[in-house]
Amino acid sequence: MKETTQSKLEIRNLHLHFGKKEILKGISLHVPDKAITALIGPSGCGKSTLLRSLNRLHDLNPDARLKGNILLDGKSILEKKKDVTDIRRRIGMVFQKPNPFPKTIFENVAYGLKINGLHHTERLRERVEHALRESFLWEEVHDQLDEPALELSGGQQQRLCIARAIAVEPEVLLMDEPCSALDPISTDKIEHLMLRLRERFCIVIVTHNMQQAQRVADFTAFMYLGNLIEHGTTAEIFENPQQELTKNYVSGNFG
Ligand SMILES: Nc1ncnc2c1ncn2[C@@H]1O[C@H](COP(=O)(O)OP(=O)(O)OP(=O)(O)O)[C@@H](O)[C@H]1O
Ligand SMILES: [Mg+2]
């Protein structure tokens with residue numbers, strides 16, 4: 001396990017309401033750089049809502065109200081005047097269900113690069129290849145880059161979505177149950193990929209898979225009904241939890 005303490009993201013007393021309902025009830029969490037932090041907790045406790053807040057994905061929901069703050073390298077990402085495109089370049093997101101665009105494999109990975117102003121054909125080609133290699137997908141797709149991404153298998157599509165997310169060189173990678181739709185072999189590939197990407201990025205992953213959290217996460221945060229109950233190294237949370245709720249959850253007594 002890594003011993004890093006420098007915070008890349010800092011969540012400060014974050015409250016989120018959808019209409020009248022309070023979904024996040026004052027979450028505070030330091031997320032270190034170059035490490036994997038897992039968010040765990042029973043269905044409906046607010047994991048995805050928290051993750052989406054980190055990517056400003058509630059911006060377009062008129063019912064969503066946020067209070068508190070989220071800092072990236074010490075600077076708020078919640079200010080209205082902040083450029084959301086820039087935040088999403090620095091903080092990438094991968095969803096539970098692979099969601100490639102209905103475009104070619106190449107265009108999927110090149111998409112964000114083009115949005116960020118890269119149009120030089122040879123440069124684009126290099127960056128696309130690099131991202132696909134990093135996602136352990138290059139060997140499988142290098143001779144079909146102009147074919148539709150939607151014809152790939154589910155596990156390949158998810159690795160493509162990861163390639164798309166990392167192509168723009170983000171600093172933080174958010175992953176919401178990235179393996180829950182995948183078979184064990186694809187899951188294993190994605191876990192290896194996460195462990196490698198951790199050397200360069202700050203990674204936050206939501207997972208229902210307790211074994212997965214223990215295999216990949218340096219730190220684990222346990223959420224329950226919109227509260228963050230306990231946070232520590234993964235070994236602390238699974239082997240020596242301080243709170244009764246955490247103890248019950250990680251021992252499989254509810255969930
Ligand atoms: N757009 C929305 N509008 C209103 N309520 C929402 C919205 N999105 C989520 N919720 C509510 O917020 C709560 C937390 O949902 P969230 O999706 O964050 O849970 P989760 O911990 O990710 O659960 P799961 O493990 O099932 O994915 C739930 O009660 C859900 O109904
Ligand atoms: Mg969820």
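User: Where is Asp33 found?

Analyst: In this predicted model, Asp33 sits in the loop between S2 and strand S3 (36-40).

User: Why is Asp33 called partly exposed?

Analyst: Asp33 has 18 other C-beta atoms within 10 Å. A buried residue needs 20 or more, and an exposed one has 12 or fewer. The count of 18 lies in between, so Asp33 is partly exposed.

User: What separates the C-alpha atoms of Asp33 and Lys8?

Analyst: A distance of 4.9 Å, although Asp33 and Lys8 are 25 residues apart along the chain.

User: What makes S1 and S2 a pair of strands?

Analyst: Pairing requires at least two bridges. Strand S1 (residues 7-18) and strand S2 (residues 21-32) have nine, in the antiparallel sense, so they count as paired. Among the bridge partners are Phe18 and, in S2, Lys21. S1 and S2 form a hairpin with two residues between them, and Gly19 in the turn has a positive phi of about 60°.

User: How do you know that the protein is as compact as a globular protein of its length?

Analyst: The protein has 10 helices and 10 strands. Its radius of gyration is 18 Å, close to the 18 Å from the globule rule for 255 residues, so the description holds.

Terms used. Residues are numbered from 1 along each chain as its sequence is written. Chains are lettered from A and ligands numbered from 1 in the order in which they are written. This is a predicted model: local features need pLDDT of at least 70, side-chain atom pairs count only at pLDDT 80 or more; totals for chains, interfaces and linings use all residues. Helices (H or I, at least four residues) and strands (E, at least two) are DSSP runs, numbered from the N terminus. The radius of gyration is taken over C-alpha atoms; the globule rule is 2.2 Å times the number of residues to the power 0.38.
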